[in-house]
Amino acid sequence: MESSRISRGEAPTFHHRVSLLERIGIRDMDGWLVFSALGLLACSLLTLHQGSRNAIPGSPDYYMQRQALYGLVGIVAMFLISRVDYSRFRELRVGIYTFLCTSIFAVFAFGVAARGSTNSLELPLFTFQPAELGKVLLILSLAGFVIDGARRGSERQRTIRYLALGFAPTGLVLLQDLGTSLVFGAITIAIMVAAGVRWTHLAAIGGALAVFVAIVLVAMPMAGAPLLKEYQQERLTSFLEPSSDIGDGGYQQNQAKVAAGSGGTTGRGDQATQSRLGFLPENHTDFIFAVVAERYGFAGAALVLSLFALLFWRALRLMTLSKNFYGTLVAAGIAAAIMFQVFVNVGMNLGIMPITGIPLPLMSYGGSAVIATFLMLGVLQSIHIQSRVGQRGTWIP
């Protein structure tokens, strides 16, 4: 009846518009999750416009314009993946995991160097970092393997199996990018915790990781076979003694602390000399939070952290609303991936965490990271939509 009235040329009513939103599925999406993501992207664009203006001669808004394009692609990707029943990814876990490892291997053969690391592939239109997409792939595949092997073997055998599946790609990424490998490790541990792995096993894993870190940072360099690059070791060791190397390894962190500390309550605005005059390196990527703190002060930094808190709350909420345990594990992995990056990035901007090159989700400039984060949010939206339509007993394809 409604369609017949519209076809005769009558103006669409409110009920018609509601019907259209329902048809395309927007009504079932988590509005607070969308609000927090778009709010963070808007903060990123504003900060890039004012903090990195004229960084590229002849193109004053280069970073902002490209970030806007990445954000638009990411939003479309989020909407599309939200329309897919996330449970289907469990059936594709072997293929997803194989693609994950293959794409990481491809970087060893065809990767290009950028900012001291070889972690990207040069594609015709843009540079792509497989490890950023790998965060999503690891979550979807590892959660599927955990469900698949939940009743196979003893508890110890299951723990070893989860570790092997999670840390195999983590070790490969470690050879390319220290920061991203830490995110892979956090995802693996979070899914294991959500899966109910015994705390004694987790404690043993923590002890083994502590020994591994000591070997990488101390034993291997002393033996003349360092696993990390020289600049990575300098960043980690200068964090332990920040006053000993302010002019070299500790320069970035010292400048970030100066920028963040000078913002005061409401910020310095256009008088933010640390970022505006280029004293703060990488102010559009790793240290964009220090730019926010300098230009907009405590108020701006609190707004950004509040949006992240809102996003984290919605992700944790979906762990309890998921229609099955696979969704719970996936939501746990996504929440851990995003919040681990926020914790480490903000910490290194404030000088309480070592510099590891981890970007601030949806804030730091970078196409691969922005699109991968929106893909994660699309999976969360799928969990939310499935829980809503499950309650109504219908699914809108």
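**Close-up views of a predicted model**

At 2% relative accessibility, L362 counts as buried, where buried means under 20% relative accessible area, exposed over 50% and partly exposed in between, using a 1.4 Å probe and protein chains only. This is a predicted model, in which local features need pLDDT of at least 70, side-chain atom pairs count only at pLDDT 80 or more, and totals for chains, interfaces and linings use all residues. Residues are numbered from 1 along each chain as its sequence is written, and side-chain values use heavy atoms, with hydrogens and water left out.

**View 1. The whole protein.** Let us start with the overall picture. Of the 397 residues, 48% are buried. Mean pLDDT is 85, and 86% of the residues reach 70 or more; pLDDT is the predictor's confidence in each residue, from 0 to 100. Please read residues 1–7 with care: pLDDT stays under 50 there, and the model gives this stretch 5 contacts beyond four places in sequence. Contact means heavy atoms within 4.5 Å. Among contacts between residues at least 6 apart in sequence, 70% join residues at least 24 apart.

**View 2. Two loop residues with positive phi.** Most residues other than glycine have a negative phi. L362, in the loop between helix 15 and helix 16, has a positive phi near 65°. E282 is not a glycine either, and its phi is positive at about 50°. You will find E282 in the loop between helix 13 (273–276) and helix 14, where E282 is partly exposed, with a relative accessible area of 26%.

**View 3. Q255 and its partners.** Q255 belongs to helix 12 (residues 251–261) and is buried, at a relative accessible area of 12%. Its side chain forms a polar contact of 2.6 Å with the side chain of Q274. A polar contact is a pair of N or O atoms within 3.5 Å; within protein, one must be able to donate a hydrogen and the other to accept it, and residues adjacent in sequence count only if both atoms are side-chain atoms. Setting aside residues up to four places away in sequence, Q255 touches Q274, F279, L280 and P281.

**View 4. I383 in helix 16.** Look for I383 within residues 367–392, the span of helix 16. I383 is buried, with a relative accessible area of 0%. Beyond its neighbours within four places in sequence, I383 contacts Y86, L318, S322, G327, V330 and A331. N324 is 59 residues from I383 in sequence, and their C-alpha atoms are 9.4 Å apart.

**View 5. Helix 14 against helix 15.** Helix 14 (residues 288–321) and helix 15 (residues 325–350) pack at about 165°, with axes 10 Å apart. Axes are lines fitted to C-alpha atoms, for helices over the stretch in contact, and angles run from 0 to 180 degrees between N-to-C directions. The two helices are therefore roughly antiparallel; angles over 145 degrees count as roughly antiparallel, under 35 as roughly parallel, 65 to 115 as roughly perpendicular and the rest as oblique. Residues making the contact include L305, F308 and F312 of helix 14 and A331, A335 and I338 of helix 15.

Methods. Helices (H or I, at least four residues) and strands (E, at least two) are DSSP runs, numbered from the N terminus.
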